[in-house]
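Biologist: I have a structure to look at and some questions about it. Please take me through the answers step by step.

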Amino acid sequence: NTWIIFTSDNGPWIKFANHGGSALPLRDGKSTTFEGGQLVPCIMWAPGRISAGTRSDALVSTIDLLPSFAKLADSKLPENGNRIDGLDVSSTITGDAPSPRGEFIYYAAQGGLDGIRQGAWKLLLRKPQPLLFNLKEDISEKNNLAGANPQKIEALTARMKELEEENRRISGATP
């Protein structure tokens with residue numbers, strides 16, 4: 001009945017140079033919304049439940065662990081009115097289904113909304129021009145595709161604002 005999970009909450013602390021680690025080939029590290037600060041390893045061991053030697057590039061988040069482990073343990077989460085942000089990815093963990101998570105929104109270290117990922121597409125709001133990457137083709141976030149994809153930027157920006165408004169509404173925060 002034992003599950004062993006090893007993961008992290010962010011990439012390497014690059015301000016300490018070689019002492020902070022490296023996320024190569026990913027860009028940047030801790031306190032950034034580039035993949036080097038977001039994409040982290042997750043190793044799980046559960047004989048009979050996770051096939052040995054399997055690998056997944058499924059889109060999941062650490063906030064998905066609580067509802068997923070509750071499901072795997074056949075437990076219910078408390079129904080005290082608090083919203084659980086995570087999604088149940090238990091079927092993704094066991095290899096039975098793709099991830100139900102299709103998008104993330106990114107907040108900067110200072111707390112402001114910074115970007116969105118939807119599938120392979122990632123938009124980061126930067127001045128003077130936004131950054132748009134196709135992570136399936138460019139995991140290192142080197143090729144800004146913003147100039148060639150204004151419709152994609154418009155759609156992702158609209159969705160990001162929609163999700164931000166939903167978060168504000170649920171949390172009771174004011175803009």
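Biologist: Which backbone atom lies 2.7 Å from a polar atom of the side chain of glutamate 141?

Modeller: Bear in mind that this is a predicted model. Glutamate 141 sits in the loop between strand E6 (131-134) and helix H4 (150-171). A polar atom of its side chain has a backbone atom 2.7 Å away, and that atom is the backbone nitrogen of glutamate 35.

Biologist: Is glutamate 141 buried or exposed?

Modeller: Leaving aside neighbours within four places in sequence, glutamate 141 is in contact with Arg27, Phe34, Glu35, Lys122, Phe133 and Leu135. Buried means under 20% relative accessible area. The relative accessibility of glutamate 141 is 1%, so this residue counts as buried.

Biologist: Which residue of E4 is the bridge partner of tyrosine 107?

Modeller: Strand E3 (residues 103-107) pairs with strand E4 (residues 113-118) in the antiparallel sense, over 5 bridges. The two strands form a hairpin with 5 residues between them, and glycine 111 in the turn has a positive phi of about 105 degrees. In E4, the partner of tyrosine 107 is leucine 113.

Biologist: Which element gives the largest share of the largest nonpolar core?

Modeller: That core has 9 residues: Ile116, Trp121, Leu123, Leu132, Ala146, Ile153, Leu156, Met160 and Leu163. Two elements give two or more residues to it, strand E5 (121-124) and H4. The largest share is 4 residues, and it comes from H4.

Biologist: What does leucine 156 touch, not counting residues up to four places away in sequence?

Modeller: Leucine 156 is one of the buried residues of H4. The buried residues of this helix pack against E3, E4, E5 and E6. For leucine 156 itself, the residues touched are Ile116, Gln118, Trp121, Leu123 and Leu132.

Biologist: Within what arc do the buried residues of H4 fall, seen down its axis?

Modeller: The buried residues are Ile153, Leu156, Thr157, Met160, Leu163 and Glu164. They line one face of the helix, because seen down the axis of H4 they fall within an arc of 130 degrees.

Biologist: Which exposed residues are on the face of H4 turned away from its buried side?

Modeller: Exposed means over 50% relative accessible area. On the face turned away from the buried side, the exposed residues of H4 are Gln151, Glu154, Lys161 and Arg169.

Biologist: How far apart are the end C-alpha atoms of H4?

Modeller: H4 has 22 residues, and at 1.5 Å a residue they should span 32 Å. The distance in the model agrees with this, as the end C-alpha atoms are apart by 31 Å.

Conventions:
Residues are numbered from 1 along each chain as its sequence is written. This is a predicted model: local features need pLDDT of at least 70, side-chain atom pairs count only at pLDDT 80 or more; totals for chains, interfaces and linings use all residues. Side-chain values use heavy atoms; hydrogens and water are left out. Buried means under 20% relative accessible area, exposed over 50%, partly exposed in between (1.4 Å probe, protein chains only). A polar contact is a pair of N or O atoms within 3.5 Å; within protein, one must be able to donate a hydrogen and the other to accept it, and residues adjacent in sequence count only if both atoms are side-chain atoms. Contact means heavy atoms within 4.5 Å. Two strands pair if DSSP finds at least two bridges between them. A nonpolar core is a set of buried Ala, Val, Leu, Ile, Met, Phe, Trp, Tyr and Cys residues joined through side-chain atoms within 4.5 Å. The expected span of a helix is 1.5 Å times one less than its number of residues. The arc is that of the directions from the helix axis to the C-beta atoms.
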